[in-house]
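Here is a short briefing on how the inside of one protein model is packed. Please keep the sequence and the structure at hand while you read.

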Amino acid sequence: MMLWDIIPGITVPFLGTALGAGCVFFMRGGLCDGLRSALTGFAAGVMTAASVWSLLLPAMEQASDMGRLAFLPAAAGFWAGVLFLMVLDRIIPRLRACGAEGAGPARLSRTGMLVLAVVLHNVPEGMAVGVAYAGVLSHSGVTASAALVLAAGIAIQNFPEGAIISLPLRAAGMRTGRAFLLGVLSGAVEPAGAVLVLLAARVLVPVQPYFLSFAAGAMIWVVAEELVPAMHEGERPDLGALLFCGGFTVMMALDVALS
């Protein structure tokens with residue numbers, strides 16, 4: 001597989017954001033609670049399973065020459081990813097806080113912070129996809145199908161994120177087309193981050209176990225901090241939990257069956 005062959009895969013998360021932003025043309029309000037809970041739960045399940053089978057296990061396989069200590073690079077990289085996302089959450093207001101109601105210029109200002117929060121949140125997700133495809137290119141235990149399913153799981157998570165950017169922007173008085181464009185552009189950092197990781201893949205090969213597990217840590221933090229609480233919101237919290245289990249099972253089955 002060549003670098004050009006994986007371009008469609010690294011653009012999948014961006015397409016998820018673009019589709020979510022497209023809701024601005026059809027919806028006056030936000031996503032209904034049931035749909036948001038279902039999408040969030042399924043994406044959380046996919047990303048959790050992908051973190052294990054597509055990132056952490058290959059990281060430990062690559063460090064197998066360390067014997068019983070093969071878990072150390074995975075553990076170190078994992079916690080580096082977690083701490084990186086914790087720092088981002090300290091610097092940028094969380095998505096829930098940024099989504100607070102307001103009016104006029106104040107509401108637009110909060111929405112601007114929301115855009116910035118989503119953009120920064122998308123950077124490690126794009127890197128995660130890039131790291132996964134770097135593992136495919138280096139034949140280090142990550143399969144192309146696993147990387148694609150990982151990208152699809154992130155795309156599902158990005159769908160409501162695109163919507164929660166474009167819809168508030170339009171509600172604050174911005175033109176529909178411009179609100180859609182800003183929602184789309186918020187996801188552009190993901191393929192950009194993936195490409196940067198891929199371009200540095202040869203340099204990263206010696207430390208790839210750390211980068212694979214870094215991506216896993218970043219994604220597990222997003223799941224634990226953002227997705228799991230969100231999937232329990234609304235009148236049917238069990239729906240999100242059920243879809244989490246479904247997403248986990250789908251990702252696990254696809255990774256094993258297509259590897």
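Which residues of the largest nonpolar core touch the most other members? They are Met47, Leu55, Tyr133 and Met219, in a core of 45 residues, where a nonpolar core is a set of buried Ala, Val, Leu, Ile, Met, Phe, Trp, Tyr and Cys residues joined through side-chain atoms within 4.5 Å, and buried means under 20% relative accessible area with a 1.4 Å probe, protein chains only. This is a predicted model, in which local features need pLDDT of at least 70 and side-chain atom pairs count only at pLDDT 80 or more, while totals for chains, interfaces and linings use all residues. Residues are numbered from 1 along each chain as its sequence is written, and side-chain values use heavy atoms, leaving out hydrogens and water.

- Leaving aside residues up to four places away in sequence, Leu55 touches Ala50, Ala132, Leu212, Ala215, Ala216 and Met219, a contact being heavy atoms within 4.5 Å.

- Ser213, in helix α11, is buried with a relative accessible area of 0%, and its side chain reaches the backbone oxygen of Tyr210 at 3.1 Å.
- Glu190 lies in helix α9 and counts as buried at 1% relative accessibility.
- A polar contact of 3.0 Å joins the side chains of Glu190 and Asn158, the term meaning a pair of N or O atoms within 3.5 Å where, within protein, one must be able to donate a hydrogen and the other to accept it, and residues adjacent in sequence count only if both atoms are side-chain atoms.

Methods. Buried means under 20% relative accessible area, exposed over 50%, partly exposed in between (1.4 Å probe, protein chains only). Helices (H or I, at least four residues) and strands (E, at least two) are DSSP runs, numbered from the N terminus.
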